[in-house]
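Please examine the sequence and the three-dimensional structure shown below.

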Amino acid sequence: MTERNSKNVWVFVELREGHIAPVVLELLGEGKKLAQGLGEKLCAVVLSDGADASLAEQLGEYGADVVYSVESPLLAKYTTDGFTTALTELIRNERPEILLFGATHVGRDLAPRLAARINTGLTADCTSLALDEETKDLMQTRPAFGGNLMATIRCPEHRPQMATVRPGVMDKAACDKAHKAELIRVAPALTAEDIRTEVVETVVKKLTEIPLTEARVIVSGGLGLGGPEGFALLRRLAARLGGAVGSSRAAVDAGWIDPTHQVGQTGTTVKPDVYIACGISGAIQHLAGMKESKLIVAFNTNPDAPIFEVADYGLVGDYKEVIESLLEKLGEGA
Ligand code: FAD
């Protein structure tokens, strides 16, 4: 869309098993700042098979001024076609200025399809968002050239300005029980013929460990562990501290640990209270995913390893010796 009668900041509300995905609260926090900067409203958009009043109430408490509830039995489950068609219609009718998605599997699938459909730009995987002081255009910043520099991208000619934002990067919106959203229910002109795929079954993977984005302590390992057995030691420390195990990409590439543990630019972005890096050099792409941790502790045999530049506490030495003595001090014999 090239018309400039657009207004308001929208956040796409991804639902998981009927619950709001955590990244949505982060988008609402950032969206609120943008909406205040524009002097406009923050709107949350939910697509489902029926309005859930408690959901709208919750979105209001996290800062949404308006909740659009787009309802159709055809939206009971996520499909690219169904969600694209229904959202395209709403965007054409309501003309948002900015539209934000989480850079999740769903957000990464839906946002580009939608951007192409409504002829606007999309910046994927943003790590920060701001408004240009003069033009009020959205300044969308993301890593570029293998993470070696940050690029700020704008979309001056088309609306809405669309961005996906990586989970775990922005702060969650504050909850204000007194803040209420206006609920607007919308019936889209969506037919079964619009949807070319059928969701036959959804298989939910049962998590046996704390997800990286929710862990308050992360014990992370890299190539310096020397082999997959090093992660067994890290797991013991993580269990003792009630935390999760992370890794560098090199350790994942070596086949020592599952990719879901990878922290960094192409892995998960984390902001735990404590991040313990063991045998990780501190490449820029790894730092991109953990440098906002509240406290960083590094164990590395090389005193010149870049990880020490971001670490609050560093110990030059063999990770194994350090962790074994830590476990001993914590009351678990190594
Ligand atoms: P190394 O760099 O080999 O470091 C191993 C460290 O272990 C060294 O500092 C060494 O001194 C130390 N060490 C050795 N023995 C011991 C010991 N006994 N005790 C303690 N320390 C010891 N990387 C990521 O992590 N996440 C990403 O998301 C990511 N995305 C990328 C995206 C792109 C486009 C590219 C090009 C690269 C990406 N990388 C990513 C890879 C990144 O550039 C590095 O190659 C990687 O992070 C290095 O992993 P590492 O620190 O485990 O290994």
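**Enclosed space, helices and backbone**

The residues that line the largest cavity divide into seven nonpolar, three polar and one charged. The structure examined here is a predicted model. A search of the whole structure finds one cavity of 30 Å³ or more, and the volume of the largest cavity is about 50 Å³. The residues around this space are Val46, Ser48, Gly50, Ala51, Asp52, Leu55, Ala56, Leu59, Val67, Ser69 and Leu183. Strand 4 (42–48), helix 2 (53–61) and strand 5 (66–71) are the elements that give two or more residues to this lining. Helix 2 provides the largest share, namely three residues.

How can such spaces be found at all? Rolling a probe the size of a water molecule over the atoms shows where empty space is left.

The second largest pocket holds about 380 Å³ of space. Its lining consists of 25 residues, and those nearest its centre are Thr127, Met150, Ala288, Lys291 and Glu292. At least two lining residues come from each of helix 1 (22–38), strand 10 (149–153) and helix 7 (284–287). Sorted by class, the lining of this pocket has 10 nonpolar, eight polar and seven charged residues.

Helix 1, one of the elements lining that pocket, may be considered next. At 1.5 Å a residue, its 17 residues should span 24 Å, and the end C-alpha atoms are 25 Å apart, which agrees. The buried residues are Val23, Val24, Leu25, Glu26, Leu27, Leu28, Gly29, Glu30, Gly31, Leu34, Ala35 and Leu38. Just after helix 1, Gly39 takes a positive phi of about 70°.

Which residues of helix 5 are buried? They are Gly230, Phe231, Leu233, Leu234, Leu237 and Ala238. Viewed down the axis of helix 5, these buried residues fall within an arc of 155°, so they line one face of the helix. An α-helix has 3.6 residues a turn, so residues three or four places apart point the same way.

The buried residues of helix 5 are covered by elements that include strand 13 (217–221), strand 14 (244–247), helix 6 (249–253), strand 15 (274–278) and helix 9 (319–329). On the other side of helix 5, Glu229 and Ala239 are exposed. Ala239 has a relative accessible area of 59%, and its C-alpha atom is separated by 19 Å from that of Ser293, which is 54 residues apart from Ala239 along the chain. Just after helix 5, Gly242 has a positive phi of about 70°.

Helix 6, among the elements covering helix 5, contains Ala251. Is Ala251 buried or exposed? With a relative accessibility of 0%, Ala251 counts as buried. When its neighbours within four places in sequence are left aside, Ala251 is in contact with Gly221, Gly222, Leu223, Phe231, Trp256 and Ile257. Phe231 in this list is also one of the buried residues of helix 5. The C-alpha atoms of Ala251 and Tyr78 are 34 Å apart, and the two residues are 173 residues apart along the chain.

The peptide bond from Arg159 to Pro160 is cis, with omega near 0°. Pro160 is located in the loop between strand 10 and strand 11 (161–165). Where does Asn8 lie? Asn8 is in the segment before strand 1 (9–13), and although this residue is not a glycine, its phi is positive, at about 80°. At 10% relative accessibility, Asn8 counts as buried, the cut-off being under 20%. Asn119, a residue other than glycine, likewise has a positive phi, near 60°. Asn119 is found in the loop between helix 4 (105–117) and strand 7 (122–126).

Note on methods: Residues are numbered from 1 along each chain as its sequence is written. This is a predicted model: local features need pLDDT of at least 70, side-chain atom pairs count only at pLDDT 80 or more; totals for chains, interfaces and linings use all residues. Side-chain values use heavy atoms; hydrogens and water are left out. Buried means under 20% relative accessible area, exposed over 50%, partly exposed in between (1.4 Å probe, protein chains only). Helices (H or I, at least four residues) and strands (E, at least two) are DSSP runs, numbered from the N terminus. The arc is that of the directions from the helix axis to the C-beta atoms. Contact means heavy atoms within 4.5 Å. On a 1 Å grid over the protein atoms alone, a cavity is a set of points where a 1.4 Å probe fits but cannot get out, and a pocket is an open set with protein on both sides within 12 Å along at least five of seven lines; lining residues have an atom within 4 Å of a point. Grid points are joined across faces, edges and corners, and a volume is the space filled by probe spheres set on the points. Ala, Val, Leu, Ile, Met, Phe, Trp, Tyr, Cys and Pro count as nonpolar, Asp, Glu, Lys and Arg as charged, and the others, Gly among them, as polar. The expected span of a helix is 1.5 Å times one less than its number of residues.
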